[in-house]
Amino acid sequence: MTSDLDAAERLSSAPTEDGDTGGEVGIGVVGWLRWMWRQLTSMRTALILLFLLSLAAIPGSLVPQISASPTKVAAFVANHHTLAPIYQKLGLFHVYSSFWFSAIYLLLFISLAGCIVPRTWQFVGVLRAQPPAAPKHLVRLPVYASWRSRGSGSDSNAGAGAERTLDAAEALLRKRRFRVARDGDAITSEKGYLREVGNLLFHISLFGMLIAFAVGKLFGGMGTVLLIEGKGFSNNVSQYDDFMPSTFYTADSLDPFGFKLDRFEATYQTTGDQLGTARTFQANVSYWTGSDASTAKKATIRVNDPLTVDGSNVYLTAHGYAPVFKVTDAKGNVVFDGPTPCLPQDGNITSVCAIKVNDGYVDNNGTATQIGISGIFTPTAATDASVKKLGPHSIFPDLADPKIYLTAYHGDLGNNSGAPQSIYQLDTKHMAQYKFADGTPLTLPLAPNQGFKLPSGGTVTFTGIQQWANFTVAHNPGTGWALTSSMLAVLGLIGSLFVQRRRIWVRAVTSPDGTTTVELAGLARSESARIAEELAELALELQDTAPADVEADAEPIEESAVQEPSADDDKVAAGPTTTTTTKE
């Protein structure tokens, strides 16, 4: 007895009182690696990583991104001295290329691959194998029906015959698209493999979406360009306002094509609750491939309806106005003459802009200086009373009553400092504001074809208005793959949710007295009321071959097989001798 206890203690992995485990107990390095791989490739881990990836993408929508708008990032850094350094260290200004986002992405990629490959091979093996053999005691299954049949006709066909019953059952099951196989005195069948197909398709599609995302990031790129009506663009890095390359998409990868903004058209609702809502919003362009603009074709670009040229999509992303100004110096020389794009600030396109005269301006003392004029443009100006209360603003986005409110400065624009500047704003640190003779700041509202004279002798004239449109030129090779994968994922999800996998067995045994005992049983791999209905229908159809025409024996049956009467008995039984049970 003592030796047995000693042996048991040696087999135990529990620590002893002094902390000694009694020998080396553990799974070893290989075992730990195998355990970690199994945890990583489990479906639960894949779902957790997918959830974490969706959470990790949220900062990319809330925090300005360098890839989308470097100007907004610079403004955020300038206005948030405490948060900006933290965001930079965490990589929140470039979320989708940050180390933590990439780590989640790669782990999800590996996890899905580890889930899909073994499950696919396992499913292929199931498809190649026969349906599972019939259990010995069909009566113990959740859905069960049985009856005894003697049939009619000659003695040679007494009891309808087990073979004839099984042949009929096999034909009925094949008609219902079950996979069927003979198993001695039973028919075994299974249906609903599309459920697992849908499950695998869903996860393979997620895997495809990850690949498409990676392809887009590695081999795609984009750039933005603002064009004023009548101006053109060639697909060259020097002509982009912002260009965001990728690892394998650089300036040398740009396809040769170009386009010109012929006219921008926009109409707005003038009455009702949606006053000012855009109804027409399109850019009419001429585009060409290669370097020959003489072969240009006409096209229309709308929101969510891009122009596709040589594998690149040209999207219409924004619109605004560009007032045209003419500036002369004290000697009457024209030093600026052209449109100035204004940046919209609200839905009614109240916009800000800046005119910068870097060179050529000479004042009435013969001194060269730089001129800067900041403006607030209003397509439909508010009333004077409203302007005094709320400041200059527009009350409608169309050009019903255009005005621009100007403030003029002179001095150093700061363009030679090397620091980046916005084309829509002035850096007035080293500039002085012009003033009227009474000492008040020079601020004037102008309508088209109006102007004013600067105290230094020059003139500023508001000569007209043009429109501009902002375009994003994107090369996304993974877009089609991502769309296809997302559609397949939806189809797979529908299949995995609505297709029910189920099994049905039919057994027919003829006794020495010529009576055939027929048993039917069903099992659903998921909760389903359909299996009971399907079994009942099959039992009724089999009555034509093996009618329930023998009363049940009064002999007791084993206790484990006793079932409570079910309400479905009347549906399944063809006579008083049929018994049907459905376990809850």
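Predicted model: local features only at pLDDT ≥ 70, side-chain atom pairs only at ≥ 80, totals over all residues.

Trainee: Is Arg176 buried or exposed? And how does Glu541 count?

Mentor: Arg176 has a relative accessible area of 15%, so the residue is buried, the cut-off being under 20%. Glu541, at 34% relative accessibility, is partly exposed.

Trainee: How many salt bridges does a search of the whole structure find?

Mentor: The search finds 17. One of them pairs Glu170 with Arg182, whose closest N and O atoms are 3.3 Å apart. Glu170 belongs to helix 8 (residues 162–175) and Arg182 to strand 2 (residues 179–183), so this pair ties together parts that are 12 residues apart in sequence. Glu170 is buried at 18% relative accessible area, while Arg182 is partly exposed at 35%.

Trainee: Which residues do Glu190 and its salt bridge bring together?

Mentor: The side chain of Glu190 meets that of Arg501, at 2.9 Å from N to O. This pair links distant parts of the chain, 311 residues apart: Glu190 is in strand 3 (residues 186–191), and Arg501 is in the loop between helix 11 and strand 21 (502–510). Both ends are buried, Glu190 with a relative accessible area of 2% and Arg501 with 12%. Elsewhere, salt bridges with shared partners join Glu163, Asp167, Glu170, Arg174 and Arg182 into one network.

Trainee: Next, how should I read the two sides of a strand?

Mentor: In a regular strand the side chains alternate between the two faces of the sheet. Take strand 1 (residues 143–149), where seven of the seven residues are buried. One side carries Val143, Ala145, Trp147 and Ser149, the other Tyr144, Ser146 and Arg148, and both faces are covered.

Trainee: Which strand is joined to strand 1?

Mentor: Strand 22 (residues 516–524) is joined to strand 1 by seven bridges, and the two run antiparallel. The bridge partner of Ser149 in strand 22 is Thr516.

Trainee: That leaves empty space. What is the idea there?

Mentor: Rolling a probe the size of a water molecule over the atoms shows where empty space is left. In this structure the search finds two cavities of 30 Å³ or more. The largest cavity has about 50 Å³, and its 13 lining residues include Gly221, Tyr240, Tyr249, Leu254 and Val473, which lie nearest its centre. Its lining comprises eight nonpolar, five polar and no charged residues.

Trainee: Which residues line the second largest cavity?

Mentor: Ala46, Leu47, Leu50, Leu108, Leu112, His203 and Leu206 line that cavity, whose volume is about 40 Å³. Helix 3 gives the largest share of the lining, three residues.

Trainee: And what about the second largest pocket?

Mentor: The second largest pocket holds about 1,200 Å³. It is lined by 38 residues, and the closest to its centre are Tyr96, Phe101, Phe213, Gly216 and Lys217. Helix 9 contributes the most to this lining, nine residues. By class, the lining has 21 nonpolar, 16 polar and one charged residue.

Methods:
Residues numbered from 1 in each chain as written. Heavy atoms only, no water. 1 Å grid on protein atoms, 1.4 Å probe; cavity = no way out; pocket = protein on both sides within 12 Å on 5 of 7 lines; lining within 4 Å. Points joined across faces, edges and corners; volume = space filled by probe spheres on them. Helix = DSSP H or I, 4+ residues; strand = E, 2+ residues; numbered from the N terminus. Nonpolar A, V, L, I, M, F, W, Y, C, P; charged D, E, K, R; others polar. Buried < 20%, exposed > 50% of the residue type's maximum accessible area, 1.4 Å probe, protein only. Pairing = 2+ DSSP bridges. Salt bridge = Lys/Arg side-chain N within 4 Å of Asp/Glu carboxyl O.
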